Amino acid sequence: MHVINIGRIHGIVDSEITHLRGKRMLTGPRTIDNAFITVNGDKITAIGDMDSFVEAKDDCIVDARGGIVIPAFCDSHTHIIYAGSREGEFVDKIQGLSYEEIARRGGGILNSADKLHHTSEQELLESALYRANLMMERGTGAFEVKTGYGLNTADELKMLRVAARLREAVDARVKITFLGAHAVGRAFVGRQADYVDMVIREMLPAVAAEGIAEYVDVFCDTGFFTPEETARIIDAAANYCMKAKIHANELGISGGVQVATAAGAVSADHLEQLGDEEIALLAKSDTVATMLPGASFFSRLPFGRARLAVDNDAIVALASDYNPGSSPSGDMRFVWALGCIHMGLLPAEALTACTLNGAAAMELGHECGAIAPGRDASFIIVKPGISVDYIPYAYTEPFIAARVIRGHMA
Ligand SMILES: [Zn+2]
């Protein structure tokens, strides 16, 4: 397949580039005007100027009619496997109910875990597929999915099996993360230390034996797991070759960034609360600083200091945090817009955060997140007349003319 008459290809990088840090997020990706992309199977095999395009007989041609092409979004942080939705909690919050009252009425992570326990794998798969399709229809070509609504060994394994089936069922690339330490499971309430011991002694070996999860995650934050507990869980998971992606600094300066960078975690995620020390640590490390502006927007929390992190040379990614409680949307175009409107990133800079650096946060920086020969044929053909700057500006206007995910056009 050839996509021809592309007004401008955005997000072109050399094959060895897996992420871009600091100023390079803006200046690193190149563009070609009046261009074509050739796709063979699931890969891009050539890009170039239309003047050098040679059409072979019987080739499938897609005419972009002057529209630009951008890489498909790489959403490195989602929780899309869950049972039920929590709009009741949404209404309760608007009416000013307290956290305890909301939990009593069925809100919070523990209630999501109760619902998941009573839902079949098939039903969980169908609802997760529905959400994955919503994400892909909105331009996502790779995403991560976490467990963490099981909170006991059997239900965490059930979530992993659903995640593995989801990975098989979609065109997008899917990475899977074990988040047994999302909250203290219902049977261990008031006994956090015992729960952490159980995660390490019982859950981790069982999860590793399934061979499905590549990463381990811990909710390292004020009121959740401590930096010491997080470090113990990360260390134990390293014995099973599972690298870390850590929830850190959403609710306070939690010490999560220190644990993540010291352990060489793939990413530290959330980061609504960052001090100068945390910014400096992220700037010095290869741990991707993943910020989740959709959660800040929905939960009315402060937005992460992405501008400062970029100015200090960190590798910054943006992701959706799609989940039923604090971010019920996996629309990466909205995430992109929030990165510009509330975090001070330029549209092209935020696009790198939503694509190549998101791929890096899933260790897919060689495979996707950019447009180059040898990479996944996962990109968005934008409607003619719409620029990169216009997309996050007109943030509700449909902009996708067509999308290609690993060679499949939709
Ligand atoms: Zn999360």
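These are my notebook entries on a predicted model, arranged by topic.

**Entry 1. Domains**

I began with the domain assignment of the chain, which gives domain 1 (2-71 + 370-409) and domain 2 (73-360). I then looked up the separation of their centres, taken over C-alpha atoms, and found 29 Å. For the contacts between them, I noted 34 residues of domain 1 against 36 residues of domain 2.

**Entry 2. The zinc ion**

Which protein atoms are the donors of the zinc ion? I listed NE2 of His77, NE2 of His79, NE2 of His247 and OD of Asp321, at 2.1 to 2.6 Å from the ion. Along the chain, these donors follow the spacing H-x1-H-x167-H-x73-D. I next placed two of them: His79 is in the loop between β6 (73-75) and α2 (87-94), and Asp321 is in the loop between β13 (316-318) and α13 (332-341), so this pair ties together parts that are 242 residues apart in sequence. Both His79 and Asp321 are buried.

I then checked the geometry. The angles subtended by the four donor atoms run from 82 to 164°, and the arrangement is therefore irregular. For the tetrahedral label, all angles would have to lie between 85 and 135 degrees.

**Entry 3. Cysteines**

How many disulfides does the structure hold? I recorded zero. To see why, I looked at Cys340, whose closest cysteine sulfur is that of Cys354, 8.1 Å away and too far for a bond. The cut-off for a disulfide is a pair of sulfur atoms within 2.5 Å. Cys340 counts as buried at 18% relative accessibility, and Cys354 is buried with a relative accessible area of 0%.

**Entry 4. Helix α14**

The buried residues in α14 are Pro347, Glu349, Ala350, Leu351, Thr352, Ala353 and Cys354.

**Entry 5. Nonpolar cores**

I looked up the largest nonpolar core and found 101 residues. Those with the most contacts inside this core are Ile70, Phe143, Phe178, Tyr195, Leu271, Leu318 and Trp336. Helix α7 (residues 192-210) supplies the largest share of this core, eight residues. The core draws at least three residues from each of domain 1 (2-71 + 370-409) and domain 2 (73-360).

I took Leu318 as one case. Not counting residues up to four places away in sequence, Leu318 touches Cys74, Met291, Pro293, Met332, Val335, Gly339, Met343, Leu345, Ala350, Ala353 and Cys354. Among these partners are Ala350, Ala353 and Cys354, which are buried residues of α14. I also noted a second, separate core of 17 residues, including Ile37, Val39, Ile44 and Ile381.

**Entry 6. Ser112**

Is Ser112 buried or exposed? I found 3% relative accessibility, so Ser112 counts as buried. Ser112 lies in helix α4 (residues 108-117). Beyond residues up to four places away in sequence, Ser112 touches Arg86, Tyr149 and Pro324.

**Entry 7. Ala172**

I located Ala172 in the loop between α6 (153-169) and β8 (173-181). Ala172 is buried, with a relative accessible area of 1%. Leaving aside neighbours within four places in sequence, I listed its contacts as Met136, Gly141, Ala142, Phe143, Ile405 and Arg406. One of these, Phe143, is also named among the residues with the most contacts inside the largest core. I also looked up the pair Ala172 and Ala128: they are 44 residues apart in sequence and 13 Å apart in space, C-alpha to C-alpha.

**Entry 8. Backbone phi values**

Most residues other than glycine have a negative phi.

Asn249 is placed in the loop between β10 (243-248) and α9 (256-262). This residue, Asn249, is buried, with a relative accessible area of 0%. Arg406 lies in the loop between β15 (400-405) and β16 (408-409). At 23% relative accessibility, Arg406 counts as partly exposed. Arg406 also returns here as a contact of Ala172.

How values were computed: Residues are numbered from 1 along each chain as its sequence is written. This is a predicted model: local features need pLDDT of at least 70, side-chain atom pairs count only at pLDDT 80 or more; totals for chains, interfaces and linings use all residues. Side-chain values use heavy atoms; hydrogens and water are left out. Donors are N, O and S atoms within 2.8 Å of the metal (3.2 Å for Na, K and Ca); water is not among the atoms, so sites may look incomplete. Four donors count as tetrahedral if all angles lie between 85 and 135 degrees; four count as square planar and six as octahedral if opposite donors are over 155 degrees apart and all others between 65 and 115; anything else is irregular. Helices (H or I, at least four residues) and strands (E, at least two) are DSSP runs, numbered from the N terminus. Buried means under 20% relative accessible area, exposed over 50%, partly exposed in between (1.4 Å probe, protein chains only). Contact means heavy atoms within 4.5 Å. A nonpolar core is a set of buried Ala, Val, Leu, Ile, Met, Phe, Trp, Tyr and Cys residues joined through side-chain atoms within 4.5 Å. Domain bounds come from an automatic or database domain assignment.
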